[in-house]
Amino acid sequence: MASENANSEGAELGRYLRARRTQTSPEHVGLTIGAGIRRTPGLRREELATLAGISIDYYVRLERGKETRPSPSVLDALARALHMDDQEHQHLRELAARAARYTPEPPPAPSRTVRPHLKLLLESLRPNPAYVISRSMDMLAWNPGGLALYAGLDDWPAKQRNLARYLFLHPAARQLFPDWNRQITACVAHLRAVAGTAPDAPDLTNLVGELLLKSPDFAGLWERYEVTGRKPAQKTFQHPQVGTVTLTAQSLHVEGTPGQRIGVYTAEPGTPDHDALLLLDMTVPATPARAPIHRPS
């Protein structure tokens, strides 16, 4: 079992290196390409090995998952050769660290429980849309605007409400986001980064397996293995209830939880965007998923 897990982790490291190599053009790293047909997309293995100062045999073993203990200097050399940014470089280190360890069994899915005071916090943020999501983008709790902002998401049962699933599989998502392509790219990059450090976790593998099966757009982006692509601070929604609204997005990690985050959207008071949030908050009926606020009579 331990050996099989180690090979799996080494294969994940190899897949990441191959994805970055095939998407790095020779011109980008300063190589001059002669005339003739070039069948290899991106860099050849021998070109990357030369740029990184390692043997071609050693690099091939890395990419095939047979070498699972590259030194920090080798990782740094590969990152420099591939012109990785800080986030991509850190992801490479994390994959290598996992490849060097033995994991006895897949970790359990994290708890979906949301602390009561976080639900009260969501209520206090009204009319700003807010919600709590898991590391795999399951929506765990919300205030009225937090659910209504994603038009049509309330069509699904509470346990199926996942923002990645919504982006790729809900028919309303493409109309809601004018920059849908940018949104899905950032979404997949986030899932790739999380899955790289917990590739066998059931909450991630189940979601990724479903999206690979049901969405060609997801499958194509997943194959690219990009781990950068943060969402912009401002996001525009073409909402069927309140029209076009541009909001500032903020994501906050919740301390002491298994990767839970609070997402909040705000608009400057007195602006049409803020008026739209007030309207959205008032037109949404209360749902059992919201945490009730008990006030003394």
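Mentor: Gladly, and a definition comes first: rings of Phe, Tyr and Trp (its six-membered ring) pair if their centres lie within 6.5 Å, and planes under 30 degrees apart count as stacked, over 60 as edge-to-face and the rest as tilted. This is a predicted model, where local features need pLDDT of at least 70, side-chain atom pairs count only at pLDDT 80 or more, and totals for chains, interfaces and linings use all residues. Residues are numbered from 1 along each chain as its sequence is written, and side-chain values use heavy atoms, with hydrogens and water left out.

Trainee: How many aromatic pairs does the rule give?

Mentor: Applying the ring rule gives a count of 11 aromatic pairs. One of them joins Tyr-150 and Phe-237, whose centres are 6.1 Å apart and whose planes stand at 90°, making the pair edge-to-face. Tyr-150 is in the loop between α7 (144-148) and α8 (163-169), while Phe-237 is in strand β3 (residues 234-239), 87 residues apart. Helices (H or I, at least four residues) and strands (E, at least two) are DSSP runs numbered from the N terminus, and the aromatic pairs number 11.

Trainee: Is Tyr-150 buried or exposed?

Mentor: Buried means under 20% relative accessible area, exposed over 50%, and partly exposed in between (1.4 Å probe, protein chains only). Phe-237 has 0% relative accessibility and is buried. Tyr-150 has a relative accessible area of 4%, so Tyr-150 is buried.

Trainee: Which helices hold Phe-168 and Trp-180?

Mentor: These two rings form an edge-to-face pair, 6.4 Å centre to centre with 70° between the planes. The pair ties together parts 12 residues apart in sequence, because Phe-168 lies in helix α8 and Trp-180 in helix α10 (residues 180-197). Both Phe-168 and Trp-180 are buried. The helices asked for are α8 and α10.

Trainee: Which residue lies over the face of Trp-180?

Mentor: A charge sits over a ring if NZ of Lys or CZ of Arg is within 6 Å of the ring centre and within 35 degrees of the ring normal. Elsewhere, Arg-192 has its charged end over the ring of Tyr-225, 3.6 Å from its centre. Over Trp-180, at 3.8 Å from the ring centre, lies Arg-174.

Trainee: What is the strand order of the open sheet?

Mentor: Two strands pair if DSSP finds at least two bridges between them. Six bridges join antiparallel β3 and β4 (residues 243-253), six join β4 to β5, and four join β1 (residues 130-133) to β5. At the edges are β2 (139-142) and β3, each pairing on one side only. The five-strand sheet is antiparallel, with the order β2-β1-β5-β4-β3.

Trainee: Which helix packs on the sheet?

Mentor: Contact means heavy atoms within 4.5 Å, and axes are lines fitted to C-alpha atoms, for helices over the stretch in contact, with angles from 0 to 180 degrees between N-to-C directions. The helix touches β3, β4 and β5 (261-266), and its direction makes about 80° with that of β4. In β5, five of the six residues are buried. The helix, spanning residues 272-283, is α13.

Trainee: Which residue in β5 is the bridge partner of Ala-130?

Mentor: β1 and β5 run antiparallel and share four bridges. Another residue of β5, Arg-261, stands opposite His-253. For Ala-130, the bridge partner in β5 is Val-264.
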